Amino acid sequence: MSTALRPGDYLQIASERMAVDGVPDGEGFARIERVEVISDIGFLAQGSAHVRTRAARQIAVVFCHGMPGPVMLIEGDQWTLGEVDGERARWDSAHPWWPEMPAPLFTGGRLATEPHPFRSSVQGPELVPPTVSSEPQPPRHRAAVFGKPAHTLMVGDYLQIHALRHPEWDMRIDEGFHRVEWIGHLTGDALAGVLNDPDWARGRLTLASVHGLSGILVLPEVPVTVLVQPNPERRRSDEDEAWHEGPFYELAGVTEPDLTEQQHADAGLRPEPPGSEAALYPSRFSSPAQRALHLDGVTRIRPVAASRLPWPHGLFKCPYGERAKALAATYPKGHSKTAHAELFTRLNEQDFAACPYHQADDWKAIAEAVLTFARAEPDSDEQDRLYHATHLSERDRAWFRSLIGGGRIWWDTGHQNLTNGQHRLCALRAAGVEVIPVYGRHLPDNDEATPSQDAQTHARRTVEDFWSAHTNAVLKPSLLSTHLPRLLARYPRLRALLPKSE
């Protein structure tokens, strides 16, 4: 628990970053040097509708080695290291980051040094032998940085929240820098409501939510360090997988800065990146198409032609699952999707109608309702009206809401398998729906909705193309290898006669 943390613990202060040079042991964890537990939380905004603010009873504030400010942690569990590099622990202990403060910095707080009821002792992590040399080494090449006043921090900045992990030479290119997701300011008389010594703020507190940090970083008005040019692939991942876009607690008197003013101030402070900066971040993607999808793609529901989507790789609880397994056994290992395409060609209308996952009155109307809903402005009155889907039957409305919620068909452009929605896609294909509402990552200007063939033709071609390619691979070109694929596609028993591919 956050209130059970004690000096000597190594607290997780950041989530794992997208790293091009590896993530060393202990990265993202910092040694706690001081803990204050605030029981009188009168500085929180009264009457707030914010759930965590309303539920707060005690707030633990930690002062960690290498961090630019203390952190007001969220209530509940926190991750700590069970074992830590012994050389690092001894160095951190011998070189404290924070000066001694005899009294609590935060109002309503007390220093927490005694054992907590949920801990048998205040024993820190187990010390283990170091994994890297303790001898000084040439420092690694690190990303370019610049300084700016704390109050000019803005959402999207990569702020240095951990300046030092011993040994310092082992720190990686952009280690310790994490994306700011929310900024708030506290000035004037409001400072005395939070700090016993308002002068510590130097006129202003900047409060920040940072990717991977489970609390509010509290910064006095001092210079902070920011990356000049973050890794673009990492930045896009952090934007798409935001940690907490807003404050963890609402404090009375906090104001949010004007973004336009922040951007103007930043433009006057941020230097041009060195010419070699981009070379620090080699791409993690094996093809330009994959990288473009990551950097420029969007994730939402869009129309996709059924013929572009993969066949199922395993239909859980499908009533025809045993037939699928029997067909898959006639294929070389790793080709279950082709076996499922073949199963689709062998089921008739009565078979599909008997499947519980296909029970709907009008799949085409359901699909069109989902696409219409997805085209509407998010959270608009129009989308609210479309959500009611009054033109659909009660059963079809349930399918519609599943396809825009937890039961949506999920496929990212170019991926080999569906992430979710195999049963729903099968039902839509069987109903003759050629354009499918699909959630997932895609390039917004890329047309994926032009059908090339109906589902039966697509399934049949998938099977025939496979056996044609496989026959050519295991047999020498001959008259037999020309006509055999169609026979193999039609008569599964013949497949046992083929020689095994190496």
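Does D379 count as buried or exposed, and at what relative accessibility?

Reply: D379 counts as exposed, at 76% relative accessibility (buried is under 20% relative accessible area, exposed over 50%, partly exposed in between, with a 1.4 Å probe and protein chains only). The model is predicted, with local features needing pLDDT of at least 70 and side-chain atom pairs 80 or more, while totals for chains, interfaces and linings use all residues. Residues are numbered from 1 along each chain as its sequence is written, and side-chain values use heavy atoms, without hydrogens or water.

D379 is located in the loop that runs from helix 10 (363-375) to helix 11 (381-388) (helices are DSSP runs of H or I with at least four residues, strands runs of E with at least two, numbered from the N terminus). Its backbone has a positive phi, near 60°, although D379 is not a glycine.

K317 is another non-glycine residue with a positive phi, here near 65°. The loop that holds K317 lies between strand 14 (298-305) and helix 7 (321-328). With a relative accessibility of 61%, K317 also counts as exposed.

A further backbone feature is the cis peptide bond between H166 and P167, where omega is about -5°. P167 belongs to the loop connecting strand 9 (158-160) with strand 10 (177-187).

Turning to helix packing, helix 4 (residues 232-240) meets helix 6 (residues 288-296) at an angle of about 50°, and their axes are 8 Å apart. P232, E233, R236 and S237 form the helix 4 side of the contact, and R291, H294, L295 and D296 the helix 6 side (contact means heavy atoms within 4.5 Å).

As for the whole, the protein chain has 15 helices and 15 strands. Its radius of gyration, taken over C-alpha atoms, is 29 Å, well over the 23 Å that the globule rule gives for 502 residues, so the chain is more spread out than a compact globule. That rule is 2.2 Å times the number of residues to the power 0.38. Along the principal axes, the C-alpha atoms of the protein chain fill a box of roughly 90 × 60 × 50 Å. Of the 502 residues, 48% are buried. Among contacts in the protein chain with a separation of 6 or more, 76% come from residues 24 or more positions apart.

Notes
Axes are lines fitted to C-alpha atoms, for helices over the stretch in contact, and angles run from 0 to 180 degrees between N-to-C directions.
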